[in-house]
Amino acid sequence: MNPLDKIKSVEMNLAGRVLKLSTGLFANQAHGAVVASLGETMVLSTATMSDKPRQDVDFFPLMVDYEEKYYATGKIKGSRFIKREGRPSDNAILNARLIDRPIRPLFPKGVTNDVQIIATVLSADMEVDPSTSAIIAASSALMISGMPFAGPVAAVRMGYIVDSEGKNQLIVNPTYEQVEKGRLDLVVAGTLDAITMVEAACKEIPEDVMLAALEMAHKNIKQICELQLKLKELINPANRTMCFGAENTHVRDALGKFLTPEMMDAVQGLTKGEVKERIHEIEDKMVSQFDAQIKEELFSAKDLKIELVDFLEQFMRKNILENEKRLDGRKIDEIRPISIAAGLLPRTHGSALFQRGETQALTLTTLGSPGAAQIIDTMDVDMIKRYIHHYNFPPFSVGEVKPLRGTSRREIGHGDLAERALIPVLPEKEEFPYTMRVVSEVLSCNGSSSMASVCGSTLSLLDAGVPLKRPVAGIAMGLITSKDFDGKNGKYKILSDIQGMEDFAGDMDFKVTGSSEGITALQMDIKVKGLSLDIMKEALDRAKVGRDFILGEMHKVLSTHRDHLSKYAPMISSIRIDPEQIRTVIGKGGETIQKITKETGCEIDIEQDGLVMITAPNQEQGAQALEWIKKLTYVPQVGDIFEGTAVRLMDFGVFIEIAPGRDGLVHISEWDWARTNTMDEVVKLGDVVKVKLMEIDDQGRLNLSRKALLPKPEGWAPPAPREGGFGGARPPRRPMGGPRR
C-alpha cells in the first residue's frame, strides 16, 4: 500500500500561500500528529498524553518543545566539532513559549495528566518564519487527539511595510526581508471568538496601527480555526479521559465558616512582606482551629493553606471589581512609587537601579568592540547581534531558597522582551560602533520585573554614554473579570502596573514598552478565553498614560546620555572607506592589517560595505591607527599638502612617500627657488619633507613640489636650463603600483 494514501488533509489560501494541514503519514503512535505546510515550510507537531495522572501536583504538567533541525534548510551545523543539534537555542525556547502560552489556558482547570507537544521543523523555505505554522500544527494535533482541549487556536504573523506607492501597509505572513525592512513583527494567536496572545517587536508604532494589525490578524485566525475544525471532522477522534485533582469539600466547607470579612479585609499592605504576615496570622489561627480535623486526616494543614489562597484570590478579585480596592490601597490606574539611581558602580561602563514598588532591577551596561558581537548559528540564517540583553531572576528576589540550575525559559523570554524594547532606539553602527551587552539583575520582585528591566536598561545605556534616539519605558497591565465575562460582555477592571498577586490571580498580563513616539514591544497573555479589541484598546490607552508618567520620572534623573564614556570603556573610532580599498587595508595575506594592530595595539573590524571600526586601549593609539588607515586609503587631490618620507634619490629628483605604498616625485627643479645642483646635497633617505601635490598626470603619477611651500625670494628669476638634462620635463618612471627599482 502506498503510505501517501493514508494522508487526510485540508487546505486554504493564506495571504497568497497555500496553508495545508495533513495527518496520517507521520508519527502514528502519537495521540495527535499534524503537519502544517505553508509554501515549502513544513512543521510536524505531535500531541501525547500520559494514561495516568501525576500524584500530588497542583499545576497542569504541559511540556512544549520546538525542535530546530538544520537539515530543514539544507545546512550543517557550523561548529567544527559538534554537528548534532544540542540544547535548544534561545530562538527555539522562545518559539516553544509561543506555542505554550495560547494553548495552556484552553485545558480544563485541575488536569494532572502529563501532556507533551513537540513541534519539529522538517522543511523551511527561508521565506517565512515557521513559528506560526508550529502553533497551528500543535493546535491541530490536539484537536484530533481527543483530549479535552477547548480549541482550536491559530496564529498569524503581521508586518507593516512601505508599499510600491510609498504608503504604509499592513501585511499578513510577511517574509523575513519584509519584517527586517518593515516597522512591525507581530505574532497574534487566538480562537474563533477572540485574541488570546500577542507578541510584538515594533519600531515605535502608534496604538491605532497596532489595533488595526490585531483586527486584521484575527480575521485570518478565524479562517485557520475553521480549517482545523474541518480536519477534526475528517478524523472524528474518540475522546480521551483526563484526570482532575479531587476537590476536598471538607476543606472548603470548613474554611467558608471560619473566614470572616474582617479577616479577609486585613490581608493588605504596601509590601509583599506585610501581606504575607497577615496571611501567616490567619494560617496559624486556622491550623489551630482545625487541629482535630487534621489529626482525623479529614484534610491536612497543606490542604487548608492551598484552599486559603483560593479564598483570598476570590476576595481580592471581588474587592477590585466592586470597590476598585487593591491589596496595596492603590487606585486601579495608579503606579507604584518609583525611585531611580544611576552611575552606582565604579568599574562598569554604565549602571542604573530602577525600583517601582518592591520590584527592583539593577541593570549594567558593558561596551565592547564590534568583534565582540554575538554570532548566532541557527538552522536558517546566521545572525550577528551588536545589542544583547540578559535577564537574571535569582531566588532571593522573591525570598526563596532554590538551587541555581542555569538560565530558565522564563528568564530567556523576559530578556528577549526587554531586548526587543530597546532595539528601535539604538544608535546606528556608524554613529556608535560599540557592541552593547546589558544585564538586568532582578534583586527584588513583586511583579513587572521585565518592565523594570526595560526602564533600567534605558537608564543604564544613557549612563554609559550611548546616544539613544529616545528613552523607552515599560508597564504591565492587568485585568480582573467577573464569572460571566465572555471576552466582550461582563464586568471587568483594567489595572495599571500590576504586582505579583494581581498577576498570579488576575486574568491578563499585558506588557507594553515604548517611547514618546510609539510602541516598541508588546506581550500579552490571558487566562480567560479571549479579549475583544475594545478592551485591548482601553488597555493600550491606559498603558500609554502610565508609560508617559514613568518616562517623566526617568527624565528627572537622566534626561539624555552622558557626554563621555567611562574611562574603563574601550575607545572606538570609525571611518568609511571605498569597499574596493578593503584589500589595501588588509594587505596580502593580512600583512598590512596585522602590522597596524601589532604596532598600535588596536583591534580593527572591517564591514563589507567599507565601514572600518578601530577599538583602541587609549585615544592616542586609536588616533595612530586611524591616521594609518586614512593614509592607506587616501585618494590624492591637487593642492593637498603632506609630510612625507624620502624613499628614493635620483639624479633628477627625489621620490617622497606620502602614504603607505604611495609616493610622488619632487623634481630637482621643484626642490627650491634657488638652483639645486644634486639631490644628495640637500636630502637623505628617510628625511621627512613637507610637499604639495601639484599635478596628477594621465597615468595617475603624482608631481610634488617642496618649492611651492617656500616663500618666493624677492627679485627671483627662473634659473637657466641645465645642459644635457631633462630641463623641466619629468623623466620616464615606473607605472603606478609597479615594483620599485
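The largest cavity in this predicted model has a volume of about 130 Å³, where a cavity is a set of points, on a 1 Å grid over the protein atoms alone, at which a 1.4 Å probe fits but cannot get out, and where the volume is the space filled by probe spheres set on points joined across faces, edges and corners. Local features need pLDDT of at least 70 and side-chain atom pairs count only at pLDDT 80 or more, whereas totals for chains, interfaces and linings use all residues. Residues are numbered from 1 along each chain as its sequence is written, and side-chain values use heavy atoms, with hydrogens and water left out.

The lining residues, which have an atom within 4 Å of a point, include Met264, Leu312, Phe315, Lys325 and Met501. Two or more residues of this lining come from each of α6 (261-266) and α9 (301-323), helices being DSSP runs (H or I) of at least four residues and strands runs (E) of at least two, numbered from the N terminus; α9 gives the largest share, four residues.

A separate region holds an open sheet of three strands in the order β22-β24-β23, with antiparallel pairing, for which DSSP must find at least two bridges between two strands. The edge strands are β22 (571-576) and β23 (603-606), and six bridges join β22 to β24 (residues 611-616), with Met571 opposite Ala616. Helix α16 (residues 619-632) packs on this sheet and touches β22, β23 and β24, contact meaning heavy atoms within 4.5 Å.

Notes. On a 1 Å grid over the protein atoms alone, a cavity is a set of points where a 1.4 Å probe fits but cannot get out, and a pocket is an open set with protein on both sides within 12 Å along at least five of seven lines; lining residues have an atom within 4 Å of a point. Axes are lines fitted to C-alpha atoms, for helices over the stretch in contact, and angles run from 0 to 180 degrees between N-to-C directions.
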